[in-house]
Structure formats: C-alpha cells, structure tokens
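Subject: Structure handover and findings

Hello,

Here is the structure I promised. Please open it alongside this note; my findings follow below.

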Amino acid sequence: HSYTYAALAMWCAWLKVRFPAHFFAAALEVKTDEIVKLRLAAEARRLGIPVSPPNINHPHAGFRAIKTDTGTWEILGGISDVRNVGPVASAAVADAAPFESLLDLRARVGKGFTAQQFGALAHASALRDLFPNSRFLAKNAKTVWSALGKGSAPELDERVFRRATPDEEAVRVGQVWPLFIGVSGRTAFDVATEAVAEQLKGWRVTSPGDEALVFSEGVFLVVGRAVKFKLFGEGGARNGRVILASADGEELPCRVDGDVADACPLALSDERNLALALVNVKPPYRPSVEAIWPLSPTGVVGHGPGRDFLLRPPALKPADPGRPAVNLDPGRSFGVSGLLLRAKRHLDRNKNEMLTIGLLGPRGYVRTVAFSSRMMAEDAALLEVGALLKMRLNKGERGTHLSDSPVEYVELPK
C-alpha cells in the first residue's frame with residue numbers, strides 16, 4: 001500500500017518536472033473541486049505556463065496543453081467548462097471545428113446550439129479567432145446569433161464599439177470561466193475587491209489569502225467565494241462552517257452560525273458566485289462570519305441584513321463600536337450605537353440562557369453577550385434585528401458583555 005502511493009507520487013513528480021504543461025492540464029481535467037482548480041491554475045501560472053480560456057478552433061472536452069506559435073506551451077480550457085454551454089453543445093462544436101467565420105459556425109452547429117450558448121462562448125472570449133471584439137459579441141449575442149441565422153455577418157465599427165478594458169474583460173470572462181486571469185494580471189476578484197474598498201472607505205477590505213486574517217485580531221470585510229457550506233445541529237444550537245476562497249484558491253475556513261445562514265441564504269446558495277463576508281477574527285479561535293452578502297462581479301453588494309446601513313451609514317459615535325474595548329482596561333464600561341445585526345439566543349456550557357448580540361457601526365462591528373435571565377423585559381423587547389440601538393458594554397477578561405444600563409433606540413436627526 002505504501003509502495004503504491006510512493007510510486008504514484010514519484011510518477012507525478014517526474015511528470016511535473018519534465019512535462020509541466022501536460023501535468024497541470026491533466027490535473028485540471030480530473031479535479032472536480034473548483035477551489036482545487038483555482039490553486040492548480042495559479043501554480044501553473046507561477047511556473048510560467050498560461051492557463052487560457054477555451055478557443056472555438058481548438059475545442060475539446062477538457063483542459064489540454066497545446067504548443068503556441070512561439071514554441072512555448074499553454075493550457076487551454078475545454079468548451080464544456082464554460083458555464084451554460086453543456087456537454088451536448090460542446091460535442092457538436094468539437095465535431096465541426098475548426099471554423100472559418102461566425103457564419104461558418106452558425107451554418108454547421110446552428111441546430112444543436114442556442115443563442116444563450118453562443119453568448120456564453122462570447123463571454124468567455126472563446127470566439128476570439130473568428131471575431132476580434134468579444135465585448136461586442138457578448139453584449140449583442142441574441143441579435144448577432146439571429147442575424148447569422150439569416151446569413152448576415154455582424155459589422156463592427158471599432159470607433160463606435162470599443163474593445164473591453166482589462167477590468168471589463170476580467171469581469172466578463174470570470175462570470176462564465178472563473179479560472180480567468182487577464183494579460184494584465186487582473187481577475188474578477190480584484191475588480192470586485194477594489195470596488196468594495198472604494199465604496200466602504202474606512203473598512204478593512206481584503207481577500208481570503210491575507211495573512212492578517214490568521215495573525216491579527218479585528219473585523220474584516222472579505223471578498224471571496226463561499227464554498228463547502230454546512231450546518232450541524234438543530235434549532236438555536238445550529239452552527240457550521242464555510243470556506244471563503246480567493247482567486248488563487250487560497251482558503252479561509254470560518255465558523256458560521258445558523259442565524260447568520262438563515263439571514264443570508266443568497267450568498268451561501270451558489271459556490272460559483274462572489275460574496276462579501278463580515279468576518280470577526282480573534283486568534284486562536286476560528287474566524288467567524290457575522291454576516292454575508294452576495295456580491296456581483298463589479299462589486300455591487302446584494303440583498304442581506306444591514307446592507308443599506310453598511311453602504312450609507314448614519315453619523316454615529318464611535319464609528320467603530322469595537323474600538324473602545326481595545327483601549328480600555330477590564331472592568332470598564334463604554335457606550336456604543338449601531339444597527340443590531342445579530343440577536344441569537346442559545347445555552348452556554350452551564351445551561352444558562354444567553355444572547356449573542358452583534359452591533360454594526362459605520363466603520364466597524366462588535367459582538368457581545370448577555371444573560372437573558374438578567375435582562376429587563378423592556379430591553380429584550382428592543383433587541384430586534386435591524387433596529388438602531390444605543391447600549392453600554394462592560395469589558396471583561398475574555399470579551400465584552402451587555403451592562404445593566406437600559407438599551408435605547410437611536411433617534412436620527414431629520
């Protein structure tokens with residue numbers, strides 16, 4: 001058994017050194033985990049082997065190493081790897097290729113091909129050998145496909161319809177082929193991360209590969225893909241894990257509680273899409289996702305709890321409700337205001353009924369706890385998720401907890 005694994009490792013090492021392009025192409029082909037594919041593609045690129053989107057004139061079922069005109073090797077993705085194309089259409093293209101023009105493509109695969117599939121290939125820039133402007137084809141896929149069916153080729157005036165910028169190309173191709181990295185080195189992750197950072201100045205916006213998420217304490221906004229999400233337990237005791245993954249396949253394993261997952265189902269429902277997560281980091285404990293929102297490739301934050309407050313926060317002090325706890329000695333109390341993002345009831349180890357409270361400020365977040373049995377009924381009634389509240393917290397040795405002072409609504413100036 002040990003010899004078998006050792007021999008397999010030796011064969012793989014030999015292939016990786018002698019034929020790296022073929023090795024990575026084969027590894028990308030057999031792996032089904034998207035995050036593993038991202039890591040493999042990133043390693044191939046670090047070794048100087050480009051990993052390029054599929055090409056309509058080099059169609060095949062999966063990844064393949066091909067020799068370029070300059071004598072170097074590159075890895076081409078397969079047509080079937082493009083979202084919304086599928087194996088039947090991919091086979092039809094492979095059987096008919098190569099093509100001389102878009103009209104030739106339409107004439108020979110038209111019956112087994114749809115405008116949606118044509119648009120997906122245009123988004124992936126897979127038609128680049130037949131038409132120079134993929135941006136034009138992607139934006140006008142249905143019109144162009146219909147015109148081709150009538151025997152009319154599209155006419156393009158470059159002065160009217162410019163080519164895509166590196167950021168536009170990264171977003172367009174990344175939507176249907178997540179492994180894409182442009183010639184400029186830009187990815188859809190980069191575009192989305194910079195757009196979020198521009199909108200949310202004052203927040204620490206980063207990606208899952210940031211070392212600060214491992215060694216620093218604080219609250220971060222993390223852009224990544226939420227994968228391998230799973231919940232355990234029942235009722236209020238539900239908790240689980242989710243992994244936030246970067247463009248290079250770097251992973252940040254996080255804890256996620258049931259109340260957070262219930263409030264943000266869209267961001268956790270599709271592993272292929274980007275998400276923006278509010279992550280609380282407190283070593284040596286596992287980082288915790290306090291909220292998560294779906295994120296478009298252009299950095300538009302989707303629906304979720306606290307979204308409007310996050311994007312257009314009112315003027316509250318302190319702007320970061322977690323900051324006072326950093327500077328104060330244990331035993332001191334401090335006042336904070338913000339949007340109630342979480343109010344989770346659960347039992348501690350001694351079976352005491354507890355309440356975990358998450359308060360979102362204009363530029364920060366604080367998580368605290370309270371003993372439900374010690375709370376006044378009036379205070380408990382105010383703790384509704386989405387309410388704008390003011391409260392006092394006590395700093396302890398291991399964190400903060402709600403003081404005995406009354407919780408109040410915040411009245412914003414009109």
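First, a term: contact means heavy atoms within 4.5 Å. By that rule, and leaving aside residues up to four places away in sequence, Ser-403 touches Arg-392, Leu-393 and Asn-394.

Now the ground rules. This is a predicted model, where local features need pLDDT of at least 70 and side-chain atom pairs count only at pLDDT 80 or more, while totals for chains, interfaces and linings use all residues. Residues are numbered from 1 along each chain as its sequence is written, and side-chain values use heavy atoms, with hydrogens and water left out.

Back to Ser-403. This residue sits in the loop between β14 (400-402) and β15 (408-409). Helices (H or I, at least four residues) and strands (E, at least two) are DSSP runs, numbered from the N terminus. Ser-403 is buried, with a relative accessible area of 11%. Buried means under 20% relative accessible area, exposed means over 50%, and partly exposed lies in between (1.4 Å probe, protein chains only).

Three strands make an open sheet in the order β1-β3-β2, with mixed pairing. Two strands pair if DSSP finds at least two bridges between them. The edge strands are β1 (51-52) and β2 (64-67), each pairing on one side only. β1 pairs with β3 (residues 73-76) in the parallel sense, over two bridges. Ser-52 stands opposite Leu-76 in β3.

Helix α2 (residues 20-30) lies across β1, β2 and β3. The helix runs at about 10° to β3. For that angle, axes are lines fitted to C-alpha atoms, for helices over the stretch in contact, and angles run from 0 to 180 degrees between N-to-C directions.

Which residues of α2 are buried? They are Ala-21, Phe-23, Phe-24, Ala-25, Ala-27 and Leu-28. Their cover includes α1, α3, β1, β2 and β3.

**A hairpin**

β11 (residues 353-361) and β12 (residues 364-371) run antiparallel and are joined by eight bridges. The two strands form a hairpin with two residues between them. Leu-355 stands opposite Ala-370 in β12.

**Helix α9**

In α9 (residues 166-176), the buried residues are Ala-170, Val-171, Arg-172, Val-173, Gly-174 and Val-176. What covers them includes α6 (115-123), α7 (134-139) and α10 (188-199).

**Salt bridges**

A salt bridge here is a side-chain nitrogen of Lys or Arg within 4 Å of a carboxyl oxygen of Asp or Glu. The count comes to 19 salt bridges. Three pairs are worth a look.

- Glu-43 and Lys-16 meet at 2.5 Å, N to O. Glu-43 lies in helix α3 (residues 34-46) and Lys-16 in helix α1 (residues 2-18), so the pair ties together parts that are 27 residues apart in sequence. Glu-43 is partly exposed at 26% relative accessibility. Lys-16 is partly exposed too, at 30%.
- Arg-135 and Glu-168 meet at 3.8 Å, N to O. Arg-135 is in helix α7 and Glu-168 in helix α9, so this pair links parts that are 33 residues apart in sequence. Arg-135 counts as buried at 16%, whereas Glu-168 is partly exposed at 28%.
- Asp-262 and Arg-238 meet at 2.3 Å, N to O. Asp-262 belongs to helix α12 (residues 258-263) and Arg-238 to the loop between β5 (218-232) and β6 (239-245), so the pair joins parts that are 24 residues apart in sequence. Asp-262 is partly exposed at 48%. Arg-238 is partly exposed at 21%.

There is also a network. Salt bridges that share partners join Arg-255, Asp-257, Asp-259, Glu-290, Arg-342, Lys-344 and Arg-367.

**A nonpolar patch**

Leu-8, Met-10 and Trp-11 form a nonpolar surface patch with about 380 Å² of accessible area together. Patches are made of residues with over 30% relative accessible area and no salt bridge; like charges are joined within 9 Å, and nonpolar side chains (Val, Leu, Ile, Met, Phe, Trp, Tyr) within 5 Å. Accessible areas come from the Shrake-Rupley method with a 1.4 Å probe; for residues, only the protein chains shown count as cover. Met-10 is found in helix α1. At 57% relative accessibility, Met-10 counts as exposed.

Best wishes
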